[in-house]
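User: Could you walk me through this model, one question at a time?

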Amino acid sequence: MSKLAIKGGSPLRTKSFPKWPVWDDNEINNLKKVVESGKWGALHGDQVKTFSEKYANYHQAKYGICVNSGTTALKVALQAIGVETGQEVILPCYTFIASATAILDAGAIPVFVDIDPDTYNIDANQIKGAITDRTAAIMPVHFGGRPCNMDEINGIAKKHNLKVIEDAAQAWGSEWKNQKVGAIGDAGGFSFQSSKNITAAEGGIILTNDEETAKFCRSFSNCGRIEGGVWYEHYYLGGNFRMSEFQGAVLSAQFERYPEMKAKREKNAKYLNEQLSQIDGIETLKADDNITSNSLHLFICRYQKEHFKDVPKNTFIDAMRKEGFILSAGYSIPLYTQPVFKNLAFGARGKKVDVGVDYTSYHLPETEKACYEEAIWVPQSVLLGEQDDMKDIVNGIIKVKDNVDELVENKM
Ligand SMILES: Cc1ncc(COP(=O)(O)O)c(C=O)c1O
């Protein structure tokens with residue numbers, strides 16, 4: 001008789017995990033206020049303005065500029081910090097495609113480097129080797145919410161006269177040495193898309209401490225207008241990337257309960273890290289005392305199939321799902337093997353555009369290992385459960401491991 005649910009046994013867990021998004025009367029009341037005010041646009045109401053000030057303040061940043069997505073936040077920030085057409089921006093390859101396409105949208109060229117398998121963040125040692133005379137900036141991605149080593153990155157940037165734009169799309173309130181991410185470099189972009197720990201379905205914000213950068217962000221995201229200018233007067237190439245008051249209203253409510261939720265995720269992740277580090281074949285990411293806070297958009301661990309009788313990661317994940325757990329294999333295609341990059345399909349209707357980089361020549365072993373073999377993600381909403389829920393996850397892994405023989409013939 002099989003024990004594993006994937007083979008017809010009983011699932012270890014039938015209870016559901018917390019749902020996402022979370023909302024209550026605060027979201028509803030804030031939205032109602034906006035509807036009834038008739039001020040639905042951010043240029044007339046005060047929801048977006050108030051939220052952006054509060055958010056920037058919480059992140060120890062001087063300026064916060066709300067926009068309509070995290071992708072837009074990165075693109076606008078790149079242009080505002082002065083990255084020019086044809087210049088290169090160095091970023092880790094293990095990230096969401098938007099980190100790279102925002103660079104292309106800004107007219108620049110993404111140059112990928114590998115990640116450090118201990119952190120799943122950019123490997124700072126590889127940045128130096130990727131710098132050319134066309135490099136304008138480094139884009140560290142605080143992956144899953146885990147802050148990058150900003151001392152190293154800012155140090156390299158300073159030495160080579162480069163800008164730093166933080167992709168903090170997943171890192172609301174994450175801290176490197178007690179400093180919140182986003183404006184540790186020259187500017188940073190955050191996302192409020194549906195899956196994110198603070199969400200209004202869509203939306204983003206740029207943080208910076210530089211007044212000029214903030215001024216250009218405001219202009220580029222508002223059709224090239226300038227402060228004090230007349231409505232139909234446009235100074236720069238911009239677009240309408242503004243956030244609406246509805247989004248601002250929801251985000252204000254989301255933001256209010258954020259610290260409490262963040263603390264809960266951190267507590268549960270600490271427990272999971274402690275427990276999972278005792279299971280051979282499940283590697284947790286390396287602890288680092290410099291990380292004083294982690295938003296934990298994703299709880300990440302590394303699956304090592306040699307401890308699971310060579311059963312591939314995807315089979316393990318399928319077995320865990322059938323046991324009643326929510327987890328995923330994460331990105332399974334390194335960005336340089338994505339069709340858009342392989343084919344340089346950056347032009348009109350996907351036409352090839354030669355940007356001087358041959359993405360087919362890339363081979364970044366740690367990124368490939370994460371994509372194909374090792375990375376396992378548990379989404380942030382699961383971390384909103386109780387300790388018993390975390391215990392179940394640990395027991396689920398132990399159950400699959402103890403009965404891994406049942407999966408061996410399943411090998412792909
Ligand atoms: C690392 C990273 N960068 C950028 C983005 C883009 O954000 P958005 O989806 O709001 O455009 C995301 C969103 O998924 C992300 O995870």
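Analyst: Happy to! Let us start with pairing: two strands pair if DSSP finds at least two bridges between them. Helices (H or I, at least four residues) and strands (E, at least two) are DSSP runs, numbered from the N terminus. The model is predicted, so local features need pLDDT of at least 70, side-chain atom pairs count only at pLDDT 80 or more, and totals for chains, interfaces and linings use all residues. Residues are numbered from 1 along each chain as its sequence is written.

User: Over how many bridges do β8 and β13 pair?

Analyst: Strand β8 covers residues 175–176. Within the pairing, E175 stands opposite S293 in β13. The sense is antiparallel, and the number of bridges between β8 and β13 is two.

User: Which strands stand at the edges of that sheet?

Analyst: The sheet is open, with three strands in the order β9-β8-β13 and antiparallel pairing. Each edge strand has a single partner, so one side of each is left without a neighbour in the sheet. The edge strands are β9 (179–180) and β13 (291–293).

User: Which residue of β11 stands opposite G64?

Analyst: G64 belongs to β1, where G64 and C66 point one way and Y63, I65 and V67 the other, and all are buried (20 or more other C-beta atoms, placed from the backbone, lie within 10 Å of the residue's own). β1 (residues 63–67) pairs with β11 (residues 204–208) in the antiparallel sense over five bridges. The residue of β11 opposite G64 is L207.

User: How many residues of α3 are buried?

Analyst: Among the buried residues of α3 are G70, T71 and K75. The helix is largely enclosed by the rest of the structure, because its buried residues number 11 of the 11.

User: Which elements give two or more residues to the shell around the ligand?

Analyst: The ligand is surrounded by 14 residues, the closest being S69, G70, T71, A169 and S191; a residue counts as near if its C-beta atom, placed from the backbone, lies within 6 Å. The elements giving two or more residues to this shell are α3 (70–80) and α4 (97–105).

User: How many residues does domain 2 bring to the contact with domain 1?

Analyst: Bounds come from an automatic or database domain assignment, giving domain 1 (25–256) and domain 2 (258–408). Their centres, taken over C-alpha atoms, are 24 Å apart. Residues are in contact if their C-beta atoms, placed from the backbone, lie within 7 Å. Domain 1 gives 32 residues, and domain 2 gives 31 residues.

Terms used:
A residue is buried if 20 or more other C-beta atoms lie within 10 Å of its own, exposed if 12 or fewer, and partly exposed in between; C-beta atoms are placed from the backbone. Two residues are in contact if their C-beta atoms, placed from the backbone, lie within 7 Å.
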